[in-house]
Amino acid sequence: MQTLARECKSGIPEIVRKTAESQNIEPERLARSIAAGKAVIPANRIREHKLCAIGEGCTVKVNVNIGTSGIRCDPGLEIEKAKCAISEGADAIMDLSTGGDLEEMRKKILDLDITVGTVPVYEAVRRAGSAPDLDSDTLFNVIRDHCKQGVDFLTLHCGVNRQALDALKKDPRVMGVVSRGGAFHIAMMTASGEENPLFAEYDYLVEMLAEYDVVISLGDGMRPGAMVDAVKRAKAVEYLTLGDLAQRAHEAGVQRMIEGPGHIPIDQIEYNVRMIKELTAGAPLYLLGPLVTDIVPGYDHVSGAIGGAIAAMNGADFLCMVSPSEHLALPSVEDIREGTRVAKLAAHVGDTIRPGINWFGTGEEEMAYARRDLDWKKQFSLAMFGEHAKQIHERDGETDTCSMCGDLCAVKIVRESLYKDS
């Protein structure tokens, strides 16, 4: 099967040229990174959409999760949230729907012009009736359905195997397993007494993904869900398994990403990111957060952005938005807007030291001159969220300085004192 990863070993496919051009990357460099397994372009063969490159040599990308739930199932609202995320600069959307007509919900999202990911085990559990009743055939049938429908990347919890379960039992955690997908596989293995089929039949899985050139995102089902669990054994056991699975996918010509690492103290972020990168030979790393404190519900998007910026500075490639309603409720449109903006900020901060990224070319230097000149129009045009900044500036009326400083503006005083003749 001739996948994009294999094509990049012998040349530069057109899809790579187009993606590189749109994101200001050298096509040759992007092709080399994909061939080496250090970058991916999620692009299902049967669907066209705006593409993004994730990984080595690329800017940090942002994903936004949306989707129905069993408690609140409003497909129209979820599409509104997806469109809001796209308007705020999201690079990808993941459909995490668990309520209503899941296939129809996914179809609506796939009609959007953006990279789309899913977590097939959610639908598989709905088809089976419960996680303990889920079997291998149902799970693989759902995965194939998602591929055939046009999904670009799939989160699959292949590393939640019996070895990881044993580690969890021997070194228990306060929060147990907080990954929904991870919990489903734990329940499935416990009920059947057998191995996770995604691990046991991994070669068959990657063969299926290669058929549609779908990216596998190796899920972090054993990620810690609380600071107190950050150093427990199950996470590290899963890391080692994901390293092996990442290599096997790469050898099969399947593009892959790695997910992790959950709730961890701020001083452990660099270590965890670098360890995952080393174990997976530099595979693109996809993170939710990491969240760096557990006591700010309502502001978890800020906690996640702090962790995300540090992770990106140390090599993480793909940040998943955390919304203000994380751990509390299904996000609203405004939660999506705020969470996406904060995640984009974290990604931009991470790009400041990312190799090969022209950070000053993103407007940083121009903003300094615009502020020096009190050129508000220019400032708003350069701002990541310019209309929002403009609304704040103008709420006290139009002024040539900000209303905090007024006639005592330091920039204006120094400019008139030192440069009045220039």
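Student: Which residues of helix α8 are buried?

Tutor: In α8, residues 162-170, they are Ala 164, Leu 165, Ala 167 and Leu 168. Buried means under 20% relative accessible area, exposed over 50%, and partly exposed in between (1.4 Å probe, protein chains only). Helices (H or I, at least four residues) and strands (E, at least two) are DSSP runs, numbered from the N terminus. Keep in mind that this is a predicted model, where local features need pLDDT of at least 70, side-chain atom pairs count only at pLDDT 80 or more, and totals for chains, interfaces and linings use all residues. Residues are numbered from 1 along each chain as its sequence is written, and side-chain values use heavy atoms, without hydrogens and water.

Student: What covers the buried residues of α8?

Tutor: The cover includes α9 (180-192) and α12 (233-251), with contact meaning heavy atoms within 4.5 Å.

Student: Why is Asp 213 called buried?

Tutor: Its relative accessibility is 9%. The cut-off is under 20%, so Asp 213 counts as buried. Asp 213 sits in the loop between α11 (202-212) and β7 (215-218), and has a positive phi of about 55° although it is not a glycine.

Student: And what makes Leu 374 buried?

Tutor: Its relative accessible area is 15%, so Leu 374 is buried too. Leu 374 lies in the loop between α16 (364-372) and α17 (376-382), and its phi, near 50°, is positive in a residue other than glycine.

Student: What makes a space a cavity?

Tutor: On a 1 Å grid over the protein atoms alone, a cavity is a set of points where a 1.4 Å probe fits but cannot get out, and lining residues have an atom within 4 Å of a point. The search finds three cavities of 30 Å³ or more.

Key
On a 1 Å grid over the protein atoms alone, a cavity is a set of points where a 1.4 Å probe fits but cannot get out, and a pocket is an open set with protein on both sides within 12 Å along at least five of seven lines; lining residues have an atom within 4 Å of a point. Grid points are joined across faces, edges and corners, and a volume is the space filled by probe spheres set on the points.
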